[in-house]
Amino acid sequence: MIAGKKLNILLHILFVLLAVCCLFPIVLTLSISLSSNRSIIENGYSILPGEFSFESYKYIFSDSTRIIRAYGVTVFNAVVGTFLSVLVIAHVAYPLSRSDFKLRKPITYYILFTMLFSGGQVAVYMVTTTVYHLQNTIWVMILPLLMSPWYVVVLRTFFKTGVPTAIIESGKLDGAGELRILWQLVFPIALPGLATIALFQVLLFWNDWNQPLLYIVEPKLYNLQFLLQQMMQNIQQLNENPEFARQAAAGMTEIPTEGARMALCFVAMGPILIAYPFFQKYFIRGLTVGSVKE
């Protein structure tokens, strides 16, 4: 009994230390973003702001219209793209998990082949622009990212091991079709697996800046990550400018180059950190759902 209590105390201490290690970069990023550029140059990075200042955020939101528009594009991509992606992946993975599906093996081999070999960036670019004509449309940031062979394999395994065959057979006995079985019987049980894929796809759509870099020219279609990446490049160019460096050292300029970098990071990661806890309950629920009553 005493040994068990000691072990629990050690585990609690370990997890507290892990939590501190995870939270420390976030707190440090926030602290730097709220520090004045002069205090950062003189004192370096610190866990507490040396001189409290909102100049970094004022600099970022100096053109708030662009930021709000980019946020809207990113939220649309993340919500619509994740929803469509989970639907596509689930409808491909479910028949591959059924042992009575005759084309299960050749389609699985085809999907696995695409994980090992691809047509390359040039071929993808030519198909996207000349065949589908998706350049300079919001769908170019959604449609090419809907399918993931790896997530199909993961969800197929989840369907195969986590959904009891007896439930599918009971649905057939009651006269339900395949789509009704999938939507009304399989999906409620497979919520943990679907939530896992959704979480990964939300992160993919939220953090994507490569698609706008390749296909988007219109500024009104820039997503948040691409806009922030452009702002980071502008800040980097300012830092590499000798005249700007001389003015900054003499206190002649107030552009918060150091703090703005951290503010950009915090602006980009803030909403996704808020959204993550909503997925957590599905992982916990997955421990208890899916049992078959005899």
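Asp 100 forms a salt bridge with Lys 172, the closest N and O atoms being 3.3 Å apart, where a salt bridge is taken to be a side-chain nitrogen of Lys or Arg within 4 Å of a carboxyl oxygen of Asp or Glu. This pair links distant parts of the chain, since Asp 100 sits in the loop between H4 and H5 while Lys 172 belongs to helix H8 (residues 165-173), 72 residues apart. The structure is a predicted model, in which local features need pLDDT of at least 70 and side-chain atom pairs count only at pLDDT 80 or more, whereas totals for chains, interfaces and linings use all residues. Residues are numbered from 1 along each chain as its sequence is written, and side-chain values use heavy atoms, with hydrogens and water left out.

Asp 100 also takes part in a salt bridge with Arg 98, and Arg 98 in turn is paired with Glu 178. The Glu 178 pair likewise links distant parts of the chain, with Glu 178 in helix H9 (residues 178-189) and Arg 98 in the loop between helix H4 (64-97) and helix H5 (104-116), 80 residues apart.

| Salt bridge | Distance between closest N and O atoms |
|---|---|
| Arg 98 with Asp 100 | 3.1 Å |
| Glu 178 with Arg 98 | 2.8 Å |
| Asp 100 with Lys 172 | 3.3 Å |

Arg 98 is buried, with a relative accessible area of 9%. Asp 100 counts as partly exposed at 46% relative accessibility, as does Lys 172 at 40%, and Glu 178 is also partly exposed, at 39%.

Turning to the chain as a whole, its secondary structure comes to 14 helices and zero strands, these elements being DSSP runs numbered from the N terminus (helices: H or I, at least four residues; strands: E, at least two). Of the 294 residues of the chain, 34% count as buried. Among contacts (heavy atoms within 4.5 Å) between residues at least 6 apart in sequence, 75% join residues at least 24 apart. The accessible surface of the chain, computed by the Shrake-Rupley method with a 1.4 Å probe, comes to about 17900 Å², of which 68% belongs to carbon and sulfur atoms.

Key
Buried < 20%, exposed > 50% of the residue type's maximum accessible area, 1.4 Å probe, protein only.
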